Amino acid sequence: MSDIRVRFAPSPTGYLHVGGARTALFNWLFARHTGGKFILRIEDTDIQRSSEEMVRGILDGMEWLGLDYDEGPFFQSDYAEKHRAAAYELLEKGWAYRDFTPKEERDDATVKQQAAEAARQGKVMNPFRNLSREESDARSKSGEPFVIRFKVPEEGKTSFDDAVYGLQERDYKDIEDLVLLRSDGHPLYNLSVVVDDILMGITHIIRGQDHLSNTHKQVLIYQALGKPSPRFAHLPLILAPNKGKLSKRKHGEIVSVTTYRDSGFIPDAFVNFLALLGWSPASGEHADREIFSREELINLFSLEGIHKANAVFNFTEGDARNWTDQKALWMNWEYIKTIPMEKLAPFVKADLQRSGLWRDEYDGGRRAWFEQVVTLIRERARTLTDFTNHGRPYFVDDFSFEFDEAAVKKNLQKDPALKELLPQLADAFAALDEFTHETIEAALRKFAEEKGVKAGLLINATRTALTGQAVGPGLFDVVSAVGKDRAVARLKHAAHSVC
RNA sequence: GGGGCGUUGGGCAAGAGGUCAAGCCGCAGUUCUUUCAAAGCUGAAAUCGCGGGUUCGAAUCCCGCACGCCCUGCCA
């Protein structure tokens with residue numbers, strides 16, 4: 001147990017963004033690695049943007065990824081009173097001042113212009129910055145609206161040592177007097193985070209690099225409040241293929257973590273992939289590995305291994321096969337292929353249940369058969385949903401699976417002789433006492449020899465007759481998995497309805 | 001406009017002055033084969049953003065430039 005405390009502090013946007021998920025993961029890994037605490041805090045100070053439902057999305061994503069938190073979720077809005085108190089404390093101490101500039105003069109459009117102009121002429125001091133205390137109090141008392149701004153010192157600079165980006169310095173003159181408290185009394189982000197992080201005893205702040213510049217302001221607030229700054233570690237960003245921002249508006253569902261859950265990803269696989277986006281094991285001996293279990297990630301994780309350069313989330317829009325990052329897809333498939341059956345089976349079960357294909361006997365008497373089929377399909381499954389897609393023919397009793405048109409043409413209709421051969425082959429199968437890979441193969445090859453046709457013709461025809469597909473596992477495994485009765489029925493069915 | 005951060009094959013990346021610049025994804029070919037995969041093998045793909053410098057020697061150190069991203073809000 002250590003006294004390290006980290007937090008993940010997303011705003012409630014209704015879904016967990018992959019970038020946010022990566023931030024959460026790194027915090028979680030750091031906490032688990034160091035034996036510290038991982039805290040979840042929802043940054044809902046922008047009241048217009050938050051609702052219970054919006055929070056739910058974040059929680060769902062984290063739960064699916066298996067990122068459990070030790071404390072929270074806390075809600076930033078619950079601490080507004082403390083934020084306000086801090087603002088007044090700073091006012092009291094002379095670290096802040098009331099700005100009576102009417103709100104209309106400071107709205108978005110005008111502010112941008114002013115900022116540009118101000119930059120051209122150097123920093124312009126806010127006219128209320130040095131208003132006497134008496135006048136400030138008087139105007140406030142008379143009901144004139146104001147914001148509270150931080151009073152950034154005129155001379156000197158701030159600095160902090162980022163665990164990833166190294167020493168960061170910035171002249172005070174490049175930092176504007178930020179607003180701490182809105183005229184309606186609402187505390188603003190930079191104040192709120194600092195107060196909350198102090199309150200929650202956060203020792204390390206691991207977050208996106210988009211906060212790097214703002215960190216200086218926060219460091220200033222820590223100092224003014226007389227508290228030590230935590231250690232900062234900023235993470236490189238995850239960009240879209242055009243190196244722009246990865247956003248839900250532009251890129252759709254691909255940015256939301258729940259999409260990966262719904263698309264048949266194994267959480268561990270996605271975690272593995274995410275961990276390698278912007279981080280790699282610092283010790284060179286693991287540099288040529290890609291697959292890491294959760295335990296290994298926890299053991300290996302360190303702030304030193306975090307990269308500085310932004311990473312690109314590589315996917316092709318409109319390409320069904322590469323709908324998301326190819327390496328993520330590969331990794332998921334690698335996990336599906338290799339994890340132990342007892343870990344894979346529950347995922348498959350859930351998928352089958354969703355599509356109404358599950359039967360309780362798969363947990364009982366038909367367990368061995370179930371595992372046999374899963375073993376067959378997993379080799380070719382890129383996502384968990386493939387178990388119901390490609391696997392459907394194994395789980396239905398009738399013929400309610402799709403016949404691929406090209407497969408039918410190529411394997412069933414190409415040779416007219418099949419119309420006669422298939423029912424006979426079915427009879428040959430029906431006559432078998434033992435129905436195994438070996439006996440099926442022997443029967444089929446013997447049958448082919450007797451009829452003077454190539455075994456391949458019957459093999460491919462049978463595959464399509466039994467599964468509707470042109471591709472799939474080795475045929476004799478398919479036949480044995482489908483079982484004698486269904487195999488016989490499907491061969492006959494194919495012969496008079498599709499051949 | 002100002003400030004900050006970054007730049008190794010299409011993507012993820014190893015590398016931390018001195019072997020032909022790892023590995024993975026993806027791509028092409030090949031072996032195997034009853035299909036598709038898998039697996040194995042082979043291959044294409046990087047003048048280490050560009051230009052200077054330091055050095056016997058630089059992807060690695062220094063300077064300049066270009067490009068990209070972030071911040072610059074009474075958003076978070």
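User: In this predicted model, what covers the buried residues of helix α6?

Analyst: A residue is called buried when its relative accessible area is under 20%. For α6, the elements that cover the buried residues include strands β1 (5–8), β2 (37–42), β8 (179–181) and β9 (204–208), together with helices α3 (80–92) and α7 (215–224).

User: How many residues of α6 are buried, and which are they?

Analyst: Helix α6 spans residues 189–199 and is mostly covered, since 8 of its 11 residues are buried. The buried ones are N190, L191, S192, V193, V194, V195, D196 and D197. Just after the helix, G201 adopts a positive phi of about 65 degrees.

User: Which residue meets D68 in a salt bridge, and where in the chain do the two partners lie?

Analyst: The side chain of D68 meets that of R32, at 3.5 Å from N to O. This pair links distant parts of the chain: D68 is in the loop between α2 (52–65) and β3 (71–75), whereas R32 is in helix α1 (residues 18–34), 36 residues apart.

User: Which residue forms a salt bridge with D70?

Analyst: The partner is again R32, and here the N to O distance is 3.1 Å. This pair also links distant parts of the chain, with D70 in the loop between α2 and β3 and R32 in helix α1, 38 residues apart.

User: Are D68, D70 and R32 buried, exposed or partly exposed?

Analyst: The class follows from the relative accessible area: under 20% is buried, over 50% is exposed, and values in between are partly exposed. D68 has a relative accessible area of 42%, so D68 is partly exposed. R32 is partly exposed because its value is 24%. D70, at 35% relative accessibility, therefore counts as partly exposed as well.

User: With which residue does R182 form a salt bridge?

Analyst: R182 pairs with D184, and their closest N and O atoms are 3.2 Å apart. R182 has a relative accessible area of 34% and is therefore partly exposed. D184 is at 48% relative accessibility, so D184 also counts as partly exposed.

User: Let us turn to strands. What is the order of the open sheet of 3 strands?

Analyst: The order here is β4-β5-β8, with antiparallel pairing. Strands β4 (96–99) and β8 are the edge strands, each pairing on one side only. From one strand to the next, the twist averages 40 degrees.

User: How many bridges join β4 to β5?

Analyst: There are 4 bridges between β4 and strand β5 (residues 147–150), and the two run antiparallel. One of the residue pairs is A96 with its bridge partner F150 in β5.

User: Which residues come nearest to RNA strand B?

Analyst: To read such a surface, one asks which residues approach the RNA and which part of the RNA they approach. Of the 65 residues around RNA strand B, those that come nearest are R182, G278, S280, V312 and R380. Of the RNA atoms within 4 Å of the protein, 66% belong to sugar or phosphate, and the rest belong to bases.

User: Which side chains have a polar atom by a sugar or linking oxygen of RNA strand B?

Analyst: Among them are those of R170, at 3.5 Å, N314, at 3.4 Å, and K337, at 3.2 Å. The elements that give two or more residues to the surface near RNA strand B are α4 (108–121), β5, β7 (166–171), β12 (311–312), α12 (326–338), α20 (455–467) and α21 (475–482). Helix α12 gives the most, with 5 residues.

User: What form does the peptide bond from G72 to P73 take?

Analyst: That bond is cis, with omega near 0 degrees. P73 is found in strand β3.

Methods:
Residues are numbered from 1 along each chain as its sequence is written. Chains are lettered from A and ligands numbered from 1 in the order in which they are written. This is a predicted model: local features need pLDDT of at least 70, side-chain atom pairs count only at pLDDT 80 or more; totals for chains, interfaces and linings use all residues. Side-chain values use heavy atoms; hydrogens and water are left out. Buried means under 20% relative accessible area, exposed over 50%, partly exposed in between (1.4 Å probe, protein chains only). Contact means heavy atoms within 4.5 Å. A salt bridge is a side-chain nitrogen of Lys or Arg within 4 Å of a carboxyl oxygen of Asp or Glu. Two strands pair if DSSP finds at least two bridges between them. Axes are lines fitted to C-alpha atoms, for helices over the stretch in contact, and angles run from 0 to 180 degrees between N-to-C directions. A residue is near a molecule or strand if one of its heavy atoms lies within 4 Å of it. A polar contact is a pair of N or O atoms within 3.5 Å; within protein, one must be able to donate a hydrogen and the other to accept it, and residues adjacent in sequence count only if both atoms are side-chain atoms.
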